[in-house]
Amino acid sequence: MGSEAETVSVEGIPFPAEITVGNPLSLLATGITDIEIHFLQIKYTAIGIYLHNTDGVLVKDHLQRWKGKSSADELLGDEAFFEALVSAPVEKLFRVVVIKEIKGSQYGVQLESSVRDRLVAADKYDDDEEETLEKVSEFFQAKYFKPGSVVTFHFPATPGAAEISFATEGKDEAKMRVDNHNVAAMIQKWYLGGDSAVSPTTVRSLADRFAALLSSSA
């Protein structure tokens with residue numbers, strides 16, 4: 001899927017600079033998830049954030065108010081910027097590659113609880129959201145996240161849905177669709193949600209990249 005000609009390395013894992021699903025999607029940020037145990041940093045996943053920004057459409061059409069006005073540090077502390085990024089009706093894809101093996105159930109439970117907490121805080125958690133999140137957690141339940149396995153979250157330009165896929169060596173790719181608007185949006189926020197996002201390094205990378213894009217298109 002997409003152009004493999006140019007890649008960006010994240011913890012030794014190559015990420016294509018561009019992936020084409022519906023539109024060509026550019027790699028605009030990278031990062032990792034990690035945890036520190038007894039002063040040792042354990043890295044679990046490498047992350048690539050792909051967004052549709054051909055001809056600067058994302059900046060031009062959806063992030064106008066920040067053009068030429070914000071440094072990376074200012075963007076980092078601006079929750080409204082990340083809200084605008086999540087709600088922007090452009091195609092997005094998050095590619096998550098496993099560095100350290102974990103059980104799929106661990107990942108699924110972490111995603112489910114984090115998204116549920118965000119939905120409850122926003123007063124958007126009801127029976128439909130509960131049922132959808134249970135299905136997402138079940139999707140990961142029996143998966144084994146060995147190094148090199150890939151989880152992909154694809155969000156079409158029209159908000160309200162997401163497709164999740166899991167690929168690992170020696171097995172067919174597994175896919176599921178999320179049709180609940182609130183759950184799909186909060187999964188985006190799990191990775192793009194500013195202070196509350198799962199990967200601070202990814203958020204910093206987004207802020208650095210968009211500060212440059214917003215400055216150059218001022």
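**Notebook: helix packing and strand pairing**

I began with H4 and helix H6 (residues 181-192), whose axes come within 9 Å and cross at roughly 110°. Axes here are lines fitted to C-alpha atoms, for helices over the stretch in contact, and angles run from 0 to 180 degrees between N-to-C directions. H4 and H6 are therefore roughly perpendicular to each other; I noted the classes as under 35 degrees for roughly parallel, over 145 for roughly antiparallel, 65 to 115 for roughly perpendicular, and oblique for the rest. On the H4 side I listed the contact residues, among them Tyr107, Leu111 and Val115, and on the H6 side they include Met186, Ile187 and Trp190. Contact means heavy atoms within 4.5 Å. By class, this contact of H4 with H6 has nine nonpolar, three polar and two charged residues. Ala, Val, Leu, Ile, Met, Phe, Trp, Tyr, Cys and Pro count as nonpolar, Asp, Glu, Lys and Arg as charged, and the others, Gly among them, as polar.

I noted that this is a predicted model, where local features need pLDDT of at least 70, side-chain atom pairs count only at pLDDT 80 or more, and totals for chains, interfaces and linings use all residues. Residues are numbered from 1 along each chain as its sequence is written, and side-chain values use heavy atoms, with hydrogens and water left out.

Next I looked up H4 (residues 104-121) against helix H5 (residues 127-141): they pack at about 160°, with axes 7 Å apart. That makes H4 roughly antiparallel to H5. The H4 part of the contact includes Gly104, Gly108 and Leu111, and the H5 part includes Leu133, Val136 and Phe140. I counted by class eight nonpolar, five polar and four charged residues in the contact of H4 with H5.

Then I turned to the strands. Strand E3 (residues 24-37) runs antiparallel to strand E4 (residues 40-51), and eleven bridges join them; two strands pair if DSSP finds at least two bridges between them. Thr33 has Thr45 of E4 as its bridge partner. Two residues lie between the strands in this hairpin, where His38 takes a positive phi near 50°. E4 also pairs with strand E5 (residues 92-98), antiparallel, over seven bridges, and Leu51 stands opposite Lys92 in E5.

My last pair was E9 (residues 162-167) and E10 (residues 174-178), antiparallel and joined by five bridges. Ser165 stands opposite Lys175 of E10. Their hairpin has six residues between the strands, and Gly170 takes a positive phi near 85°.

Technical notes. Helices (H or I, at least four residues) and strands (E, at least two) are DSSP runs, numbered from the N terminus.
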